[in-house]
Every structure is written in structure tokens, then in C-alpha cells.
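The entries follow in the order in which I looked things up.

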Amino acid sequence: GIGAHDREHYDSALAMFDWIHPNDSNFSWAVAEKANTLLAMERYEQVVEVCENALAKPSGYRGSLYMSLGTAYDELEQSDKALDAYERGINESPMSERLYFNKAITHIRRDEWQASFESLKRAVSINPYYASGHYVIGLLAREQGDYAVATLATSAFLMLENKSSRA
């Protein structure tokens, strides 16, 4: 399924993920990957349904499900629900820098700069090697006229990711 997803053969990927039986030990993983594939297909309502159903049961992929759920709600322009999904995920996985990062992106979309900055600071404090966190801190700081922080965050980003298209 992942190979099909990576080749952008999303319908094939979904079929493979759906093929896994609920009693299979890989079922929780398949549901989380199905949510990612549905996100790539921009089927946000289906992502919400898949994630909410999966989150009603125990799973080792709850953090991923909360990220997909929050992203889907964000794309559906339901930012309150997106923030709620990220908070629920953070409550269960408080060391997930990606949940804090996604929460920050939702705050940016709502023009809530300080709340975004706080979430980003938490993301990079959890994982100082999280390049995307430093990158967005740099962009936000520059936008707010805080050039010292912008320079430091951008420098940290470039030390971590100096060969990408974002560099």
C-alpha cells in the first residue's frame, strides 16, 4: 500500500489497506496509512470518518490518526475542530513535535501568531533537530519584525537542512 501511495496510485493503495482484516496485527497501521492516502486524495470528510472510527479503539497509531484528523479539519476550514484534534493527540502523545507543529500551522491560518510561536517553540524543544519547526519560526519571526530570532531560527534550519529546495 505504501509503495502504491508513494507512486500516487492512491486507489490501489486504498484497496490494499482495505484488504487487511480487522483482526490482523497490521490493521491499526493500515487504517493510519489509509487516512494519509485519503488526505493525499483530498477526501477530507472520509479522513474524518476513518480517523474518528479508528480513535474509538485502542491503537499504536493514535498520534498519526490525530494528525490526519486535525489536518482534515483544517482543510475543511474547521479550525476549532482541528485544534481540538491536535490537543487530544498532544494529551495522549505529549512528546510529538509533529502534533505541536501542525497545531502551530492551524494557529497561523487563524492569524494567532503568539499561539503559533508557542507551539513551534514546544515542537523544537521536544526535537531540536526538527528542521520544519525552525524554518517556520524563522518565517514567523521575520514577519513580526523580530530579525534576531528570525536569523537564529533560519540558521538552525539551514544547519539541519541545507540541501533541500527550502534552503
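This is a predicted model: local features need pLDDT of at least 70, side-chain atom pairs count only at pLDDT 80 or more; totals for chains, interfaces and linings use all residues.

Residues are numbered from 1 along each chain as its sequence is written, and side-chain values use heavy atoms, with hydrogens and water left out. Helices are DSSP runs of H or I with at least four residues, numbered from the N terminus.

I then read off the geometry: H2 and H3 pack at an angle of about 160°, with their axes 9 Å apart, the axes being lines fitted to C-alpha atoms over the stretch in contact and the angles running from 0 to 180 degrees between N-to-C directions. That makes H2 roughly antiparallel to H3, since angles over 145 degrees count as roughly antiparallel and those under 35 as roughly parallel. In contact (heavy atoms within 4.5 Å), Tyr10, Ala13, Leu14, Phe17 and Asp18 of H2 meet residues of H3 that include Trp29, Glu33 and Lys34. I sorted this contact by class into eight nonpolar, one polar and three charged residues, where Ala, Val, Leu, Ile, Met, Phe, Trp, Tyr, Cys and Pro count as nonpolar, Asp, Glu, Lys and Arg as charged, and the others, Gly among them, as polar.

Next I turned to helices H5 (residues 62-75) and H6 (residues 79-92), whose axes come within 7 Å and cross at roughly 170°. That makes H5 roughly antiparallel to H6. Their contact divides into seven nonpolar, four polar and five charged residues.

For H7 (residues 97-109) and H9 (residues 131-143) I noted an angle of about 25° and axes 11 Å apart. That makes H7 roughly parallel to H9. Phe101, Ile105 and Ile108 in H7 meet Ser132, Gly133, Val136 and Leu140 in H9, and these residues divide into five nonpolar, two polar and no charged.

Which residues lie nearest the centre of the largest pocket? I found Phe27, Val31, Asn53, Ala54 and Lys57 there, among 16 lining residues. H3 gives the largest share of that lining, five residues. By class, the lining has nine nonpolar, three polar and four charged residues. A pocket here is an open set of points on a 1 Å grid over the protein atoms alone, where a 1.4 Å probe fits, with protein on both sides within 12 Å along at least five of seven lines, and lining residues have an atom within 4 Å of a point.

Key. Helices (H or I, at least four residues) and strands (E, at least two) are DSSP runs, numbered from the N terminus. Angles under 35 degrees count as roughly parallel, over 145 as roughly antiparallel, 65 to 115 as roughly perpendicular and the rest as oblique.
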